Amino acid sequence: VGNGVDVRTIARSYDQFAVNQYRASTSLLGRLDGYAGIAGQVDDILGDSSNGLASGISSFFAAWQDVANSPSSITARQQLLAQAQNLGDQFRLTSQRLDQIEGDVNLRLQTRVADINRLTTSIARLNEDIEVALASFSDQPPNDLLDQRDQLVNELSRIVDVQVVEDRGGALNVFIGQGQSVVLRGASVTLSTVRDTFDPSRLDVVLQGTGGAQIITRSLTGGEVGGLLDVRRDVLDF
């Protein structure tokens, strides 16, 4: 009596369902942004009404039509040869620009893989700190550490689709792709990029697990990485 308010603990206001929905939406947004950025560049190259490849092809066949209408016209023949030369130059330029886009995809993949490694390492370190804090028999949960870890997982979901499972000790185990683990309690797994065996101009994503290196490129979905891989398969391959 007379001692005022006694605060025993401070609990987080946390809804796991809402967090899961947020991460799924963030992953989808990252994928669409990554896809749209590269697909838009390809569309500008191929579909531009004035400078794109479609314009050159139209001019080439129009020149053929002029020759068909006036087969004896020297001017029409010269114009056809000029349009054929221009179309060949446009094909070469288009190929060079598509190669540049392929290189940009590789560079962005390398950057995002480095980001994944940074985030998973930080999550594993926070797992250790949180487990120690929870095992100290304190009435106060480590809310600041829990918030930091959630923020890192949210950032990771922007890059690649993630699934999380919390164990009894309070550690958060993180999985990507088709169940490949990248964080198990206080340990994280390193990702890297290697040249594709059948196409050295492209990079594959490799998981360096205890059983050796495993190529997981086809397993990655969602996030910016998923968008980059989708646009490479669906747009650049065609």
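Four of the five residues of strand β2 (residues 172-176) are buried, so β2 is largely enclosed by the rest of the structure. Here, buried means under 20% relative accessible area, with a 1.4 Å probe and protein chains only. Strands are DSSP runs of E of at least two residues, helices are runs of H or I of at least four, and both are numbered from the N terminus.

The model is predicted: local features need pLDDT of at least 70 and side-chain atom pairs count only at pLDDT 80 or more, while totals for chains, interfaces and linings use all residues. Residues are numbered from 1 along each chain as its sequence is written, and side-chain values use heavy atoms, with hydrogens and water left out.

Two strands are said to pair if DSSP finds at least two bridges between them. On one side, β2 runs antiparallel to strand β1 (residues 162-166), joined by five bridges. Within this pairing, Val-164 stands opposite Val-174 in β2. Strand β2 also runs antiparallel to strand β3 (residues 180-184), through three bridges. There, Val-174 has Val-183 as its bridge partner, and Ile-176 stands opposite Gln-180. Strand β3 is itself mostly covered, with four of its five residues buried. Strand β3 pairs in turn with strand β4 (residues 187-188), again in the antiparallel sense, over two bridges. Val-183 finds its partner in β4 in Ser-188.

| Hairpin | Residues between the strands | Residue with positive phi |
|---|---|---|
| β1 and β2 | five residues | Gly-170, near 95° |
| β2 and β3 | three residues | Gly-177, near 60° |
| β3 and β4 | two residues | Arg-185, about 55° |

Six bridges connect β5 with strand β6 (residues 203-209) in the antiparallel sense, and Val-194 has Asp-204 in β6 as its bridge partner.

Asn-117 belongs to α3, which spans residues 74-134. Is Asn-117 buried or exposed? Asn-117 is buried, because its relative accessible area is 16%. Apart from neighbours within four places in sequence, Asn-117 is in contact (heavy atoms within 4.5 Å) with Val-189, Thr-190 and Leu-191. A polar atom of the Asn-117 side chain lies 2.8 Å from the backbone oxygen of Leu-191.

**The largest pocket**

Rolling a probe the size of a water molecule over the atoms shows where empty space is left. A pocket is an open set of points on a 1 Å grid over the protein atoms alone, where a 1.4 Å probe fits, with protein on both sides within 12 Å along at least five of seven lines; lining residues have an atom within 4 Å of a point. The largest pocket has a volume of about 410 Å³, a volume being the space filled by probe spheres set on the points. Of the 17 residues that line this pocket, Asp-204, Thr-217, Arg-218, Arg-232 and Arg-233 are the closest to its centre. Helix α5 (residues 223-236) gives the most to the lining, with five residues.

Technical notes: Buried means under 20% relative accessible area, exposed over 50%, partly exposed in between (1.4 Å probe, protein chains only). A polar contact is a pair of N or O atoms within 3.5 Å; within protein, one must be able to donate a hydrogen and the other to accept it, and residues adjacent in sequence count only if both atoms are side-chain atoms.
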